[in-house]
Amino acid sequence: MTSTTAAHNLLTDNPELYEARFPDPGRLAGRWTEDCLRRHGAGPHVLDLGCGTGRDAAHLHCAGRSVTGADLSEAMLAHARTHHPGPEYVRADLHGFDLGQGVFDAVVCLDSALLYCHTNDQLDALLKSCRHALAPGGLLIAEMRNGAYFLGRSDLLDTPAVNSFSWQGTAYRSTTSLTVDRTAQLLRRTRAWTADDGSAPVEQRSAWRLLFPQELRHLLAVHGFEVLELHDGPGPRTEPPWQNGRLPGTTTDADRLHVVARLHSTH
């Protein structure tokens, strides 16, 4: 079995396969993000950090915003430029980037992208970069797994998740196992892929930092952000998912965490 790390990922290295595995025909994540931006009066210039295939960035562009999509994967960026045109797409590292000072009214970081910052130094570097990129009063909008969910719960850890789908005539099957590394405060993922096209099985490993709600509040405050919303749903990846007109809840107990924070105008 071929083994890979997060730097080489079957889905992120093959963007069309990624979109087949995670279809979003209704652009739910993009619509949720636009709702957050509108409710808090964000200006038009938006950075989609960890933009992936560009679907959400393109939706925000179609909503009338001036969008820059940033990602570390050249394959994702090439796909985005071809299939989801409109935004400007640039290569940038979550662990530290400089796309100009005060040029964005909002930074968006969806689908746990923020949690690829595994260490405190990496988180500080990310938030420092966001602070540099945002105009005074700008917004940081993030959606991610909720570390608090794993306090005393093991339902997502006990049984591997199996998924099957077909793409371009090939049937794919993935088996995903999650484990908690309490010392590093990481949720580690091992995903084994098989396909019926004769290719060798692939095993890939990645991890997310597990952040707790109060820990996230503290990190944001240290970097000059005021938390406007912090809740577990509804959101684009909750059950039931967010729908137009739904307002944020007040709890932080479920498996997803959503945050909207405003940079102090005197940063």
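Reader: What counts as a salt bridge here?
Author: A salt bridge is a side-chain nitrogen of Lys or Arg within 4 Å of a carboxyl oxygen of Asp or Glu. This is a predicted model, in which local features need pLDDT of at least 70 and side-chain atom pairs count only at pLDDT 80 or more, while totals for chains, interfaces and linings use all residues. Residues are numbered from 1 along each chain as its sequence is written, and side-chain values use heavy atoms, with hydrogens and water left out.

Reader: And how many salt bridges does the structure hold?
Author: There are 14 salt bridges, including one between D35 and R39, whose closest N and O atoms are 2.9 Å apart.

Reader: Where do D35 and R39 sit?
Author: D35 and R39 are in helix α2 (residues 28-39), 4 residues apart, which means about one helical turn separates them; helices (H or I, at least four residues) and strands (E, at least two) are DSSP runs, numbered from the N terminus.

Reader: Is D35 buried or exposed?
Author: D35 is buried at 19% relative accessible area, whereas R39 is partly exposed at 32%; buried means under 20% relative accessible area, exposed over 50%, and partly exposed in between (1.4 Å probe, protein chains only).

Reader: Switching topic, what does R256 pair with?
Author: R256 forms a salt bridge with D111, and their closest N and O atoms are 3.8 Å apart. R256 lies in strand β12 (residues 256-263) and D111 in the loop between β5 (104-109) and α5 (120-133), so the pair ties together parts 145 residues apart in sequence.

Reader: Which residues are linked with them in a network?
Author: The salt-bridge network links D111, E143, R237 and R256.
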